[in-house]
Amino acid sequence: MDIVSTLGLSNFVVQFSRISMYPFFDMAHYTLSIMNLKEQPDHSDSVRSNGYQYHEYLIFYCPYDKFYKCCNFLPSKLFIAGMKEVTRARKIVGGVVDAHSRYRNGWLAVIAVGWAKGAGSGLISNFEQLVRGVWMPERNELLKMSYATKVTLIGAVLFTLQQMNYLPITRHNLIFLYTMFVVSTKVAMVLFNIHHSPFAPMEVALYHMAFSWQSSSSEDHFKTEASNKEELQGKKCPAPSGIPSEETENIKRKKAKKSE
């Protein structure tokens with residue numbers, strides 16, 4: 001890519017795309033995943049389904065919670081969170097390449113496999129809720145996606161376009177740029193204790209562009225229909241006066257007789 005070549009990072013980017021994720025980056029991924037699991041209120045039911053037994057024992061059963069406290073220390077947590085995000089791009093690429101070798105023209109299949117490979121822990125939680133018999137719509141990743149699920153879906157689409165030669169960029173350059181984006185975003189979220197998605201302002205703007213004019217036009221349509229119905233009802237059923245006309249005539253006659 002022009003940006004990478006102009007900065008003189010071509011060799012560095014190539015070497016970066018070839019770095020092995022085992023063992024250090026995978027260890028950071030396992031550690032942060034177990035830490036997030038520990039912070040959930042219902043982690044006691046979920047731990048049994050987690051296969052990271054060594055990290056599980058360190059996080060949950062280390063005396064005085066020393067290991068968890070060391071990992072939860074802000075500088076350590078920033079470092080671990082950044083290392084975990086490095087593995088995201090590799091998993092997406094692995095899923096996209098594997099699916100593309102079997103489904104050459106299957107766009108949805110390639111994107112779905114890359115998405116599931118990169119955000120597997122979030123998507124598998126829906127199946128976990130089904131097995132446990134617990135329905136929590138506010139934590140369903142398909143109904144209410146978290147930032148990790150959204151950014152993984154974006155990465156799956158980008159790497160699928162690159163794999164099918166619709167995106168003019170090499171794979172190692174895309175890996176580097178995508179990794180830098182997710183790492184910097186995640187580190188900023190941890191540093192400033194941001195829990196909402198950074199895509200929220202963009203999503204709100206897109207929502208107003210796509211749906212607000214429809215909602216406003218539908219509201220105006222309903223208001224005009226309601227006003228028309230009220231006008232028709234008013235014409236068909238005039239408002240009754242305080243006293244009927246026959247009774248008023250009888251009252252007038254009685255008054256006239258008394259005056260005579």
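# Reading helices, salt bridges and cysteines

Trainee: At 57% relative accessibility, does Arg102 count as buried or exposed?

Mentor: Arg102 counts as exposed. Buried means under 20% relative accessible area, exposed over 50%, and partly exposed in between (1.4 Å probe, protein chains only). First, a word on the source. This is a predicted model, with residues numbered from 1 along each chain as its sequence is written, and side-chain values use heavy atoms, leaving out hydrogens and water. Local features need pLDDT of at least 70 and side-chain atom pairs count only at pLDDT 80 or more, while totals for chains, interfaces and linings use all residues.

Trainee: Which residue forms a salt bridge with Arg102?

Mentor: A salt bridge is a side-chain nitrogen of Lys or Arg within 4 Å of a carboxyl oxygen of Asp or Glu. Here the partner of Arg102 is Asp98, with the closest N and O atoms 2.2 Å apart. Asp98 is partly exposed, at 39% relative accessible area. Both Arg102 and Asp98 lie in helix α7 (residues 74-102), 4 residues apart, about one turn of the helix. Helices are DSSP runs (H or I, at least four residues), as are strands (E, at least two), numbered from the N terminus.

Trainee: How many salt bridges does a search of the whole structure find?

Mentor: The search finds 4. One of them joins the side chains of Lys150 and Glu203 at 2.7 Å, N to O. Lys150 sits in helix α10 (residues 147-163) and Glu203 in helix α12 (residues 200-236), so this pair ties together parts 53 residues apart in sequence. Lys150 is buried, with a relative accessible area of 17%. Glu203, at 35%, is partly exposed. Another salt bridge pairs Lys38 with Asp65, at 3.9 Å, N to O. That pair links distant parts of the chain: Lys38 is in helix α3 (residues 24-38), and Asp65 is in the loop between α5 and α6 (66-72), 27 residues apart. Asp65 is partly exposed, at 24%.

Trainee: Which residues of helix α5 are buried?

Mentor: Start with the general idea. An α-helix has 3.6 residues a turn, so residues three or four places apart point the same way. In α5 (residues 53-61), the buried residues are His55, Glu56, Ile59 and Phe60. They fall within an arc of 115 degrees down the axis, so they line one face of α5. That arc is taken from the directions from the helix axis to the C-beta atoms. The face turned away from the buried side carries the exposed Gln53, Tyr54, Tyr57 and Tyr61.

Trainee: What is buried in helix α2?

Mentor: In α2 (residues 10-17), Val13, Phe16 and Ser17 are buried. Their arc is only 95 degrees, which puts them on the same side of α2. Exposed Asn11 and Gln15 are carried on the face turned away from that side.

Trainee: Within how many Å do the axes of α7 and α8 come?

Mentor: The axes of α7 and helix α8 (residues 107-118) come within 7 Å and cross at roughly 150 degrees. Axes are lines fitted to C-alpha atoms, for helices over the stretch in contact, and angles run from 0 to 180 degrees between N-to-C directions. Residues in contact (heavy atoms within 4.5 Å) include Gly94 and Gly95 of α7 and Val113 and Gly114 of α8.

Trainee: How many disulfides does the structure hold?

Mentor: A disulfide is a pair of cysteine sulfur atoms within 2.5 Å. The structure holds 0. For Cys62, the nearest cysteine sulfur is that of Cys70, 7.9 Å away. For Cys70, the nearest is that of Cys71, 6.8 Å away. Cys70 is exposed, at 52% relative accessibility.
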